[in-house]
Amino acid sequence: MNQCNLTQAQVLEMFSYVDGKLFWRKKTSRKTVIGNEAGTIRKTDGYRQVMINYRAYRTHRLVYLYHRGWMPQIIDHINQNTSDNRIENLRSATRAENAYNCKMRPDNTSGVKGVTWCKNKRKWVARVYANKQCVNLGRFAEMQDAVAAVMAARQKYHGAFASEGMPQ
């Protein structure tokens with residue numbers, strides 16, 4: 001759990017915000033340069049982070065606090081682009097909702113999230129995850145039928161967090 005001991009007032013005092021980026025407004029350390037973009041990009045996952053009082057904060061979390069006045073446990077990037085920290089692209093989410101809006105796995109061979117080829121049956125298999133369970137949607141002779149089933153199920157089970165796995 002990522003607890004934040006910063007307040008919105010502190011973040012507003014430290015930073016200015018322009019198009020998803022935070023810029024230093026107040027000198028907080030020897031390295032801080034007023035007017036420069038705050039933070040650096042983490043090599044491990046591509047998120048931008050900012051050091052404040054010897055603690056690392058992801059920029060999208062600070063942007064959310066800056067605008068909304070509170071910091072949820074999970075913040076979802078609507079368009080799946082972790083470097084797009086515009087407030088319009090950020091929303092509070094549960095862990096499951098955040099998982100629904102994930103990118104397609106790199107080992108996906110069908111090109112569609114939730115659709116795989118079953119060699120034994122020589123059919124396309126469609127499935128989605130909802131409520132911590134795998135929902136099997138069936139086997140289909142035609143790929144477009146499996147895709148249609150997965151898309152309809154995502155709308156039904158995932159709602160606003162439904163994602164085709166491709167960044168928008």
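**Ground rules.** I am working on a predicted model, in which local features need pLDDT of at least 70 and side-chain atom pairs count only at pLDDT 80 or more, whereas totals for chains, interfaces and linings use all residues. I number residues from 1 along each chain as its sequence is written, and I take side-chain values from heavy atoms, with hydrogens and water left out.

**Cysteines.** I counted zero disulfides in the structure, where a disulfide is a pair of cysteine sulfur atoms within 2.5 Å. For burial I use relative accessible area, with buried meaning under 20%, exposed over 50% and partly exposed in between (1.4 Å probe, protein chains only). On that scale Cys118 is buried at 16%, while Cys134 is partly exposed at 34%.

**Thr116.** I then turned to strand β8 (residues 115–118), which holds Thr116; helices (H or I, at least four residues) and strands (E, at least two) are DSSP runs numbered from the N terminus. Thr116 has a relative accessibility of 36% and so counts as partly exposed. Leaving aside residues up to four places away in sequence, I find that Thr116 touches Lys123, Trp124, Val125 and Arg127, a contact being heavy atoms within 4.5 Å. I also noted that Thr116 and Ala146, 30 residues apart in sequence, are 9.0 Å apart in space from C-alpha to C-alpha.

**The sheet β3-β4-β5.** I traced an open sheet of three strands in the order β3-β4-β5, with antiparallel pairing; strands pair if DSSP finds at least two bridges between them. Because β3 (40–41) and β5 (55–58) stand at the edges with a single partner strand each, one side of each is left without a neighbour in the sheet. Strand β4 (residues 48–52) pairs with β5 over four bridges in the antiparallel sense, and I identified Arg55 in β5 as the bridge partner of Ile52.

**Helix α2.** Across β4 and β5 I find helix α2 (residues 59–68), which runs at about 75 degrees to β5; axes are lines fitted to C-alpha atoms, for helices over the stretch in contact, and angles run from 0 to 180 degrees between N-to-C directions. Is α2 largely enclosed, or open? Eight of its 10 residues are buried, so α2 is largely enclosed by the rest of the structure, and the buried residues include Thr59, Leu62 and Tyr66. After α2 I reach Gly69, whose phi is positive, near 85 degrees.
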